[in-house]
Amino acid sequence: MNPYYAEWLVWLLPLSSVLLLPVVSLLGGRAREWFAAIIIFISAVLAVTLVPTALAGGTQIAVSWLPVYGLQLQVRVDGLSVFLALVVNLLGFLIVLYSQGYMGRQAGLTRYYCLILLFIGSMTGLVMAGNFLQMYIFWELVGICSSFLIAFWYDRPEAVRAGLKAFVVTRVGDVGLLIGLILLYVDTGTFSFDALEALARQGGIASGLLLTCGILVLLGAIGKSAQFPLHVWLPDAMEGPSTVSALIHAATMVNAGVYLVARVSPIFGSSGVWLTCVAWVGIISAILGATMAAATLDVKRVFAYSTISQLGLMFLALGIGSPGSWFASQFHLMSQAAFKALGFLAAGSIIHLLGTRNMDEMSGLGRKMPVTFAAFFFSVVAMSGVPPFIGFWSKDLIISELQTGGFYLFFALALFVSVFTSFYAFRAFFKVFYGKPSELIQSKPIHESPLTMTIPLALLSIAVTVLWLLEGQVSRLLGISEPAVTSPWVYAASLLALMVGFLPAYCLFFRRSPEPSHLLQRHRWISTIQNVLIEGYGFDPLYERTFATPVMKLGSAIRTIQTGILGKNMWGILIFLLVVALVVLAI
Amino acid sequence: MTTALTIIFATLLIVVTLSALVIKRLVYSLIMLFFSGLLLGAIFLIYGASYAGLFQIITFAGAVSVMFMVILMLVGGELLSTGPRFSREQLVGCILAAAGFLVVAIILWQSTGSLVRIDEGTVTQGLGTFGNDPLTFLWSFRSWDVLFLIILVSATLAGIVSLFSKEASED
Amino acid sequence: MIEQQILQVTAAAMFFIGLAGMAVSRNLIKVIMSFQVVLFGVNLALFASGLGPLGPSLFSTTLLVLSISIGASVEALALSLTIFVYRHYGTLNPWEIRRLRH
């Protein structure tokens, strides 16, 4: 047992400090912010102390919880849990630090920090859970925190609507997950990951049941990680504060889906059909996300679609099924978390100062905000896969695994995604920071952010540059030998994809030749494609028509029954009694 | 014999209750309700559940009816139920209730008492100065106490009605 | 036992008469009176279910007493609320007292 009781404290500490935070906030705003930051820092340190245990092979601590049902509280300390706990807590610390300057002095900040602490604690608890049921409890908690934080500025109806949408869409996935894990429990009698893994290896679970439960669990992961077809909530979730977007919707919560698939792949991985499903979900989401990001005008939506796309690549890697690709997906998780959080934080400081998210209104910021410029630059080059930044190495691992596995269709599609990735990344970068300063920018006083905001940006930029050196350490932690990139053609192909994406962006948005609007006018087909992409391929209206509108109509129809008149309500009671009596008579 | 007694009391109870709800003048309606509670207490007493019966008479026929009277006088002026006698909504309510009653009655009748039964051995209540034979109760000495109680409570009720109705009629 | 059945059926009748009264009345006080009738029905049913060949069982009588007392307190509360309703709305017709919009 860890001398600092780190296995328990790393997730219990943030959770219990949620209760203390309102008390501390009585001492003032600064006390509250520093309290939150210190708690997360301690939790990150505790996660670091768990690394030796994980390197030694990992342990699992079980405490009996409901002996009647055989339920235990299991805390699992192994490579994957500690890896994700480190990602969550370190990023959480940097983002809490950033929030001090970003959120400033607003109303409702106690609620904000409580939710952030609750979120980080639940996320850590999620990754350290040793059985399905415990993980599901934290899964739900994480979803709730996310919805509340999206709707943080509840005076804005768009934010409330976005929070509700996020909750409902992830709920669809959660129901699938719940049914899947209950089915598994009914069949095998256990929730624990270890026991299920052993059973699956021996072939103790019928293959039909395994596939069904696998698909249902995958549905949960799809909902949480905003993959196709449940990807519609993530772009709207950008209504929340940018720190929330950075923490939850780029770096941690959406990784819960990837974590889940990674955690259960020893259980369900024996089913080839399941792996194919995972891979196809991944690649379709990757293509959807990348193409939609190329057309949108909202700077945060670019990053949101990019998240969908990068997570799709992770799902694709997990769908290949080999240990090397498993490692590649987790490594890409870490790198995506770093550069996406960086991107969101940089975009956040731009939005904070300008008050708009529309990229058409921003141009020429480069001279005025040097630190943000540098941060955005680092994020963009890491995202596109420019060497030697980490994005290059992690994406290449995935692509090379595709090539070694012989999945040439996926290989080609992944390169297609890379082309678009670098296109939209540099498009955003050039649009915002180059060119003549727009009227909006000229009208506002632009200043650079305080130290609590710049230090996290700087740290993340450094991380994005040098983290690839830790690849060996990460592979040791995860217990998988570092996969070798077998063919240099893979590097060549991805660099080519990078160039193919970069050049149009450079020409269109930096050199302005040809001028984008001329291009749109002369070739009608480009603007049609752009419209389709901006509308999100019509998924939102489709879901609205088939699901949301009938439910609302049903609600309005039932509303007419509620008259508020006693006599009419009594009819309802009498009808109910009549029905019950008839049923009893029939029986 | 007890069967006949039960049938008489039961029909009387239903008639009195129905009239309590149908009569338009609220004061008369309340008096009918008072008698309904009294009858129910009498049914309890016949079967030898003396404690329950007396409790029923004292609370419902006594305290609650008086409370109703007082409230009625406080509210004042609304001594008549307003509105048309037979409207569509009233008909719907009556039909639904009648249907429900029919179904429930069928169920209860067919189950021959085995459906709802609360048994605790065969121990009857030990306050048995009244004995367990319902007929002897009616003629035993304590019946005078009950009679006086009824007269007392009715007199109180009448007194309150007359006291307050003077104010009402002075409007 | 035939008496038990008769009493149970009368209890059901009282119950439904009371419910019909609540659905039908145009005066709130009548509604409370109907509620009292419902309570009569319930208490009678409670009593009738406990009838054995030797008379009512102790258990059912005890429950009956409890039920009577609870019913009486609920009615007291309901009556005091009707006074407030009268003061607020000026009418005692439940068909006119509504806060939900059409």
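Two residues are taken to be in contact if their C-beta atoms, placed from the backbone, lie within 7 Å. By that criterion, eleven residues of chain B are in contact with eleven residues of chain A. The structure is a predicted model, in which local features need pLDDT of at least 70 and side-chain atom pairs count only at pLDDT 80 or more, while totals for chains, interfaces and linings use all residues. Residues are numbered from 1 along each chain as its sequence is written, and chains are lettered from A, with ligands numbered from 1, in the order in which they are written.

The side of chain B that touches chain A holds eight nonpolar residues, two polar and one charged, where Ala, Val, Leu, Ile, Met, Phe, Trp, Tyr, Cys and Pro count as nonpolar, Asp, Glu, Lys and Arg as charged, and the others, Gly among them, as polar.

Of the contacts in chain A with a separation of 6 or more, 81% join residues 24 or more positions apart.

Buried residues make up 53% of the 587 residues in chain A, a residue being buried if 20 or more other C-beta atoms lie within 10 Å of its own, exposed if 12 or fewer, and partly exposed in between, with C-beta atoms placed from the backbone. Pro388(A), in the loop between helix H16 (370–384) and helix H17 (390–405) of chain A, counts as exposed because it has 10 C-beta neighbours inside 10 Å.

Chain B has six helices and zero strands, and 33% of its 171 residues count as buried.

Chain B also meets chain C, where 57 residues of chain C are in contact with 61 residues of chain B. On the chain C side, helix H1 (2–24), helix H2 (28–49), strand S1 (51–52), strand S2 (55–56) and helix H3 (58–89) each supply at least two residues, and H1(C) provides the largest share, 19 residues. The residues on this side of chain C divide into 34 nonpolar, 19 polar and four charged.

Notes
Helices (H or I, at least four residues) and strands (E, at least two) are DSSP runs, numbered from the N terminus.
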